[in-house]
Amino acid sequence: WCVFNYGNWPRGDDGEPAQYTRLDWNDVKVITALTTFFEVFYTNQCFGRYMHLYTITRLLFVQAQHLALELRLQLRKASATHARIVLRYYLASVLLFFEDDIQNGVAGTDRRLWECLLRPEEQAYLRKCDGSRSLMVI
């Protein structure tokens, strides 16, 4: 476009752009339709994958709420300490699932939340493990 506007594009005898530089709508009609179709198809596929991931993530949090409710109902009187430990480790594993870099601290989450869920010695032990093993440890 810039080359054409500055007059450096080849011109014919009549001063108009040369024949091979012109595009007729009939020449690009099919490729335009195909390009539009594939762009819309790809966007729809991306949105579908996003919605699937969003649904699974929301279910993960719902399951955490269900576990907390069951622990409170079933183990509250019998052994509240064990219920608290189970829920603490479960929430720590959910937090660790979303964590990117455990080695350098907590990225993207509130450090106070992380420190409330795990004791300093547990945090130090998890920092020794790489990302894939740290979930297995919990």
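Modeller: Helices here are DSSP runs of H or I with at least four residues, and they are numbered from the N terminus. This is a predicted model, where local features need pLDDT of at least 70, side-chain atom pairs count only at pLDDT 80 or more, and totals for chains, interfaces and linings use all residues. Residues are numbered from 1 along each chain as its sequence is written, and side-chain values use heavy atoms, without hydrogens or water.

Let us follow helix α2. Residues 25-75 form this helix, and I31 is found in it.

Now look at their rings. Rings of Phe, Tyr and Trp (its six-membered ring) pair if their centres lie within 6.5 Å. The whole structure holds four aromatic pairs. In the pair F47 and Y50, the centres are 6.5 Å apart and the planes meet at 35 degrees, so this pair is tilted. Under 30 degrees would count as stacked, and over 60 as edge-to-face.

α3 gives the most, with four. Among the lining residues are F61, A64 and Q65. Lining residues have an atom within 4 Å of a pocket point. Eight of the lining residues are nonpolar, one is polar and none is charged.

Note on methods
Helix = DSSP H or I, 4+ residues; strand = E, 2+ residues; numbered from the N terminus. 1 Å grid on protein atoms, 1.4 Å probe; cavity = no way out; pocket = protein on both sides within 12 Å on 5 of 7 lines; lining within 4 Å. Nonpolar A, V, L, I, M, F, W, Y, C, P; charged D, E, K, R; others polar.
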